[in-house]
Amino acid sequence: MARRAAPEVNAGSMADIAFLLLIFFLVTTTIEVDSGIVSKLPPEVDEKTPPPPVKKKNIFQVLVNKDNQLLVEEELMELKDLTDAAVAFIDNGGGEGKSGCAYCEGERSPDSSDNPKKAIVSLVNDRQATYNYYITVTNELVRAYTILRNRAATQRYGETYESMYARYKDTQEADKETPEYLELEKRLDVIRELYPRNLSEAEPQVAG
Amino acid sequence: MSKFNKKKSGDLPPVSTASLPDIVFMLLFFFMVATVMRDDEMLVENQLPAANQVEKLEDKNKLVNIYIGKPGVNYQKTFGTSDVVQLGDKISRVDDVYNYVNTKRSAMPENLQDQMMVSLKVDRNAKVGVLTDVKQELRKAQALKITYTSNQGDPMNNIKRR
C-alpha cells in the first residue's frame, strides 16, 4: 500500500517561457501617438463669391519658401523671433472707437492690427518646404495665441488658459453636468472670444 | 566530530530564483495590457515631428488616419521615392482621399459622424506639397476637423536634426 505523493512538476522552465512571451510583447509594442496640433480647415468656397474684404494691416503674412526660409511681413526673419512678432501683431490693438481693443497691451500702432478678432495670421508655404519646418512654424504661431490666451485668463480668472483647458478635457463623463464644469466651459469660451485663433492656411498658391 | 564539521561549509547559499517567474510574469502582464497593436501596416516612412502646442486627440473611433511620406524601402521599386499618401493599408492617389474619408465617415455610428477628426500623420521629412493637396481634398469632403499628429517635444529639435 505505498501511496506515493504525486511527483512535483518541474517549474524551472517557467521563467524561460515567460521571458519568451515578454520579449514578444516588447517587440510588438508600439506606443501610439495620441497628440497633435488641432486645426480646422475652412469650408470649401465656391469661386463666384469673392472673399470678404480684409484690410491689409489686419493680415500678418508669413511665407515659407522652398529653402525653409521665413518671410514675415516682407522681411526675412529667424524662426525664434516669430512668436514674439506674432504676439505683437495680434495684441497690437490699433483700432479706434468701436474696433478698438481695451484689453490689448500692444503698441497700438495704426499700421498693425485693429484688434485680435480682426487680426488674421496667414501662413503660405511653398510646396517644396519640408513638413518639419512647416509644423514648427505652425507650432510657433499657435504658441503666440496660447501666450495671449494664458495672459488674458490669468488676469481674469487667476489660472492659465492651458491649465483650465486641461481640466476641461480631463473631466469625466459623469461630471459634465456640474455647475463647475459649465462655468469652466463658459470661461474658456470667453477667452477664446477675446483671442480667436484666426490662423489661415490659405488657398494653395505659388509662393515666391 | 563529524557533528561539528557539517556546519562549517563556508559557501554562500545560492540565491533563490523561485520568484523569478513571478517577476517576469508581472512585466509580461504590464506589456500585454499596455500594448496597442497597430491597425495599419506602415507602407510609408512615418517619423512624426515634435511640437509643444499639442492637444490630446479624440477617441480612436472618431479618428481617421491618413499617412504621408516616402514609400518604405521595400516599396520604393513600385512606388518611387517621392511622397505618397497611404490610406488604410494601401498606397493611394490623392484623389482617393475624398472617397476614403466619406466611406470611413459613413461606417461610423451616426452620432459620431460630425465629430470625425482626420489625423494627418506626416513624415517629418516629407514635402508640404502633398499635404496641401490632401487638405484640399478634405475640404471637398467636408472633413474640416484635422490634426497634425505629432509627438510631445521641443519643436526646435525638428529643424536642428537634418
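## A tour from helix α3 of chain A

Start by selecting residues 131–157 and 161–170 of chain A: these are helices α3(A) and α4(A), which pack at an angle of about 90° with their axes 7 Å apart. Axes here are lines fitted to C-alpha atoms, for helices over the stretch in contact, and angles run from 0 to 180 degrees between N-to-C directions. Helices (H or I, at least four residues) and strands (E, at least two) are DSSP runs, numbered from the N terminus.

This is a predicted model: local features need pLDDT of at least 70, side-chain atom pairs count only at pLDDT 80 or more, and totals for chains, interfaces and linings use all residues. Residues are numbered from 1 along each chain as its sequence is written, with chains lettered from A and ligands numbered from 1 in the order in which they are written.

**Stop 1: the helix pair**

The two helices, α3(A) and α4(A), are therefore roughly perpendicular to each other. Angles under 35 degrees count as roughly parallel, over 145 as roughly antiparallel, 65 to 115 as roughly perpendicular and the rest as oblique.

Show the contact residues next. On α3(A), pick A:Thr146, A:Arg149, A:Asn150 and A:Ala153; on α4(A), pick A:Tyr161, A:Glu162 and A:Met164. Contact means that the C-beta atoms of two residues, placed from the backbone, lie within 7 Å. By class, this α3(A)–α4(A) contact has 3 nonpolar, 2 polar and 2 charged residues. Ala, Val, Leu, Ile, Met, Phe, Trp, Tyr, Cys and Pro count as nonpolar, Asp, Glu, Lys and Arg as charged, and the others, Gly among them, as polar.

**Stop 2: along α3(A)**

Is α3(A) mostly covered or mostly uncovered? Mostly covered: 19 of its 27 residues are buried. A residue is buried if 20 or more other C-beta atoms lie within 10 Å of its own, exposed if 12 or fewer, and partly exposed in between, with C-beta atoms placed from the backbone.

Step past the end of α3(A) to A:Gly158, whose phi is positive, near 70°.

**Stop 3: the sheet of chain A**

Now select the strands. Five of them form an open sheet in the order β4-β3-β2-β5-β6 (chain A), with mixed pairing. Two strands pair if DSSP finds at least two bridges between them. The edge strands are β4 (75–77) and β6 of chain A, each pairing on one side only.

Go to β5(A), residues 120–125. It pairs with β2(A), residues 59–64, in the parallel sense over 6 bridges. Here A:Val62 has A:Leu123 as its bridge partner. β5(A) is also joined to β6(A), residues 199–200, by 2 bridges, and these strands run parallel. A:Val121 is partnered by A:Leu199, and A:Ser122 by A:Ser200.

Bring α3(A) back into view. The helix lies across β2, β3 (70–72), β5 and β6 of chain A, and runs at about 175° to β5(A).

**Stop 4: two loop residues**

Select A:Glu74 in the loop between β3 and β4 of chain A. Its phi is positive, about 65°, although A:Glu74 is not a glycine. A:Glu74 has 7 other C-beta atoms within 10 Å, so it is exposed.

Next, A:Arg108, in the loop between α2 (82–90) and β5 of chain A. A:Arg108 is not a glycine either, yet has a positive phi of about 55°. It counts as partly exposed because it has 15 C-beta neighbours inside 10 Å.

**Stop 5: across to chain B**

Display both chains. In this interface, 42 residues of chain A are in contact with 50 residues of chain B. Which elements give two or more residues to the chain A side? They are α1 (14–28), β1 (35–40) and α3 of chain A. The largest share, 11 residues, comes from α3(A). The chain A side divides into 21 nonpolar, 14 polar and 7 charged residues.

Zoom in on β1(A) and β7(B), residues 145–149: 5 bridges join them, and they run antiparallel. A:Ile37 stands opposite B:Tyr148.

**Stop 6: into chain B**

From B:Tyr148, move to its bridge partner B:Leu120. The strands β6(B) and β7(B) are joined by 3 bridges and run parallel. B:Leu120 is also the bridge partner of B:Ile66. That link belongs to β3(B), residues 63–69, which is joined to β6(B) by 6 bridges and runs parallel to it.

Finish on β6(B), residues 117–122: 5 of its 6 residues are buried, so the strand is largely enclosed by the rest of the structure.
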